[in-house]
Amino acid sequence: MRKALAIMRKDLKEVFSSRQLIISIVVPALVFGVILPIVFGLSFTAEDNSTEIGILNQTIYRYDGVVLRDSSEVIAYWMMNYMLPILLMVLPCGITCVVAADSIAGEKERKTLEALLLMPVSNFELFIGKMLAPFVIGVVIASVSAIVSMAISSYFSISLLGKSFLNISTWAITILLLIPTVAFMAITFSVIVSVYAKGVREAQQMSGAIIVPIVIILIASATNMAVFAGVSRILLALLFLLTGLIFSYVSSKLMDREKLILRV
Amino acid sequence: MIETFDLTKKFDGVTAVNEVSFKVFKGEIFGYLGPNGAGKTTTVRLLSCVLRPTSGTATVCGYDILEDADKIRSIIGVLTEFPTLYERLSALDNLLFFAKLYGMNENEARRRIKELLEFFGLWERRRDKVGTFSKGMMKKLAIARALLHDPEVLFLDEPTSGLDPKSAKEIRELILKLSKAEKRTIFLCTHNLFEAEMLCNRIAVINEGVIVGIGEKGELEEKLFKSKVIEVKVSELDERLLEKIREITGVINVKVKGNIIEITVNKDFNLHHEIAEKVVLGGYKLKALTEKRHSLEDIYMTLIGE
Ligand SMILES: Nc1ncnc2c1ncn2[C@@H]1O[C@H](COP(=O)(O)OP(=O)(O)O)[C@@H](O)[C@H]1O
Ligand SMILES: [Mg+2]
C-alpha cells in the first residue's frame, strides 16, 4: 500500500502544479458551492402572514416531518435540501472525472505511464494508486463546497425567512454517503474509459457523461418520479456504491500492463 | 545475464519480433542494431516484462520473464525510447517518486539521488521542473532514474536519438564510464552505427523482427565477407607491377587509385608478405601496406540486405 500512496502523492503534486487543472477544479466548486446557494438564497421571499387574511389563508405543509407554514417556505425548503445537494453532485462526479482523465489518460498521452509500468509495483497497487488522487480531490472539494453552500443558504434562510430551514440530517447523508459513493462511481468509470481513450480530452468527454444518469436518478427520486419515487438517499448511495463495485471489477479485468501500453 | 529462446511478439497482423534467440554476457555492452521498426523497442519491452511474448521466452539474470516479472522489474533499469519523466515535477521529486516505487527508504533514496545527480551534472538543477530541461538533460535524468536502484542490467533504447552532437557525445561517454567503472551489463538499442562501433563489445543486427547477425564485429566481418582488401601505397607504379600482383594466387581484383593499389584478395590467403616482396623485388619503393577493414556500416548494410 505504501507504493499506492506514493502514486497518490505524486498525482496530487502533479495536479496542483497545473494551473489549468486547478482552474477546472476551483471554478465549478465556486459555481456550485457559492454562486448557486447565493442565487437560490436571493430568491427566498417571505410571505406576509401577519395580517388577518394571511392568518386565515395559512395552510400547514409537512415535508420530511418539518412543519412549513406557507408555499414560500416550502420552496425555500425544497431548494435548500433537495435542489442544492442534487446539483452539488456534479462536483464529486465532474471533478473526479477531470482529475482522473489527467492522471490516467494523461499519463498515457504524455507517455509517462510506460515508466510507471516498468516499476516493481503490482497491478493491484497500480490500480488503487491511480484511483486515489482523483477520488480524494473529488470528495474533499465536493464536501467543502457542500459545507460552504449549507452556510450560505442558512444565512439567507435566517435573514429572509427568519429561521434556518436547513435539514441537517439530509445534508449529513449527502456529505457522508452520497458524495463518496458518487465519486467512487465516477472514478471507477473513469478507469474503464481511460483504457480506451486516446487522450485527456477524449477521456474527459467520455467519463463526464456519467454525470447525466446520476443527476437524472437524483432528480427522479427527489420529485417522486418513476421507479425512484420514495427511494431514500441512503438507498441511492448504496446503488452508486454497487455500480462502482461493478465498474471496478470490470476495470480490474481491463487494467493490465500490456493493454495500457498497446493503446498508446 | 540475458538469454532469449525463440522470443516472438505478434501485434495483430505484424510480427514485431520473430523467434529471436541471443545471449548477453555479464559486464558487456551488447549492441542491438536495426532500422526503425525492426523490433528493438518491442524486444526491450518483452525483456522488461511490460509486454508478454506471443511465444518463446527469455531469462534476465536467471529469472523467467513470464514467471518472475516483478523480480525482474526490480533488478533492471530501463531508459525508454521517448522521455517518460513528469515534466510538471522537479528533477528531485521525479527521482524521489521512482525511488519509493523501487521500495527505497527516504534517506537511502536521497543519498543515492544526490550521488547520481552529481554524477550527471544535474544537482544544481534538482529543484527545477523537468519541463524546463533540454533534451540532453532529460536523457541524463532518465538514465539516472534507471540507475536509482543499482540495477544489474541496464536497457538503453536509443539513448542519443534526437540529441545535438555535443549532448550525444556526453551521453556516450557516460555510458562508457558506466560500463568501465561499474562493470554494468548494458543492452543498447541503436541505429547509430558510429555509436555501436564505439561502445559495444558484441552486436546483434535485427531486421523486420529477425536477427540477421550476431557476434563481435570481427566475427561478423569474417563470416560475412569472402574477400578482404589490401592497400599498397607506392611512390610510382606501372602496368608490369600490377600484372605481377594479379598473378599471385588468391588475388581477386586489382584497382588503382592514384599511387595506391587496392588489391581484393580471398580472405583465406595471407598475402601481405608476398605482395610486399613483388613490389620491393621489382625495384619499386613501398611506402605503406595496410589491410582495409570493413566498416560496421558495410557489415550492417550487408546484413539488412541493402
Ligand atoms: N503497440 C503496438 N501495436 C501494434 N504494432 C506495434 C506496436 N508496437 C510496435 N509495433 C510494430 O512492431 C514493429 C516493431 O516496432 P518497434 O519494436 O517499435 O521497432 P524499433 O524500436 O526497432 O523501431 C513495427 O512494425 C511496429 O509498427
Ligand atoms: Mg524503437
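Me: Which elements of chain B each supply at least two residues of the shell around ligand 1?

Reply: Start with the terms. Helices (H or I, at least four residues) and strands (E, at least two) are DSSP runs, numbered from the N terminus. A residue is near a molecule or strand if one of its heavy atoms lies within 4 Å of it. Here, strand 2 (14–20) and helix 1 (40–47) of chain B each give at least two residues to the shell. Helix 1 of chain B gives the largest share, three residues. One caution: this is a predicted model, where local features need pLDDT of at least 70, side-chain atom pairs count only at pLDDT 80 or more, and totals for chains, interfaces and linings use all residues. As for conventions, residues are numbered from 1 along each chain as its sequence is written, chains are lettered from A and ligands numbered from 1 in the order in which they are written, and side-chain values use heavy atoms, with hydrogens and water left out.

Me: How many residues surround ligand 1, and which are the closest?

Reply: Twelve residues surround ligand 1. The closest are Gly37(B), Gly39(B), Lys40(B), Thr41(B) and Thr42(B). Chains A and B both contribute residues, so the site is shared between chains.

Me: How do the residues of that shell divide into nonpolar, polar and charged?

Reply: First the classes. Ala, Val, Leu, Ile, Met, Phe, Trp, Tyr, Cys and Pro count as nonpolar, Asp, Glu, Lys and Arg as charged, and the others, Gly among them, as polar. The shell around ligand 1 has six nonpolar residues, five polar and one charged.

Me: Which atom of Gly37(B) lies 2.6 Å from an oxygen atom of ligand 1?

Reply: Look for polar contacts. A polar contact is a pair of N or O atoms within 3.5 Å; within protein, one must be able to donate a hydrogen and the other to accept it, and residues adjacent in sequence count only if both atoms are side-chain atoms. For Gly37(B), a backbone N or O atom lies 2.6 Å from a ligand oxygen. A polar backbone atom of Ala38(B) is 3.2 Å from an oxygen atom of ligand 1. Thr41(B) uses its side chain: an N or O atom there is 2.7 Å from a ligand oxygen. On its own, ligand 1 has 560 Å² of accessible area, and the protein covers 70% of that. Such areas come from the Shrake-Rupley method with a 1.4 Å probe; for residues, only the protein chains shown count as cover.

Me: Is Lys40(B) buried or exposed?

Reply: Check the relative accessible area. Buried means under 20%, exposed over 50%, partly exposed in between (1.4 Å probe, protein chains only). Lys40(B) is at 3%, so Lys40(B) counts as buried. Lys40(B) sits in helix 1 of chain B. A polar atom of the Lys40(B) side chain lies 2.8 Å from the backbone oxygen of Gly34(B).

Me: With which residue does Lys40(B) form a salt bridge?

Reply: A salt bridge is a side-chain nitrogen of Lys or Arg within 4 Å of a carboxyl oxygen of Asp or Glu. Lys40(B) pairs with Glu158(B), and their closest N and O atoms are 3.7 Å apart. Glu158(B) lies in the loop between strand 8 (153–157) and helix 6 (165–182) of chain B, while Lys40(B) is in helix 1, so the pair ties together parts 118 residues apart in sequence. Glu158(B) is buried too, at 6% relative accessible area.

Me: How many salt bridges are there over all chains?

Reply: The whole structure has 27. One of them joins the side chains of Lys130(A) and Asp11(A), at 2.9 Å from N to O. Lys130(A) is in helix 7 (residues 123–161) and Asp11(A) in helix 1 (residues 2–16) of chain A, 119 residues apart. Lys130(A) is buried at 2% relative accessibility. Asp11(A) is buried at 0%.

Me: What is the phi of Cys49(B)?

Reply: Most residues other than glycine have a negative phi. Cys49(B) has a positive phi, near 65°. Cys49(B) lies in the loop between helix 1 and strand 5 (55–60) of chain B. At 7% relative accessibility, Cys49(B) is buried. Lys111(A) also has a positive phi, of about 70°, although Lys111(A) is not a glycine. Lys111(A) is partly exposed, at 34% relative accessibility.
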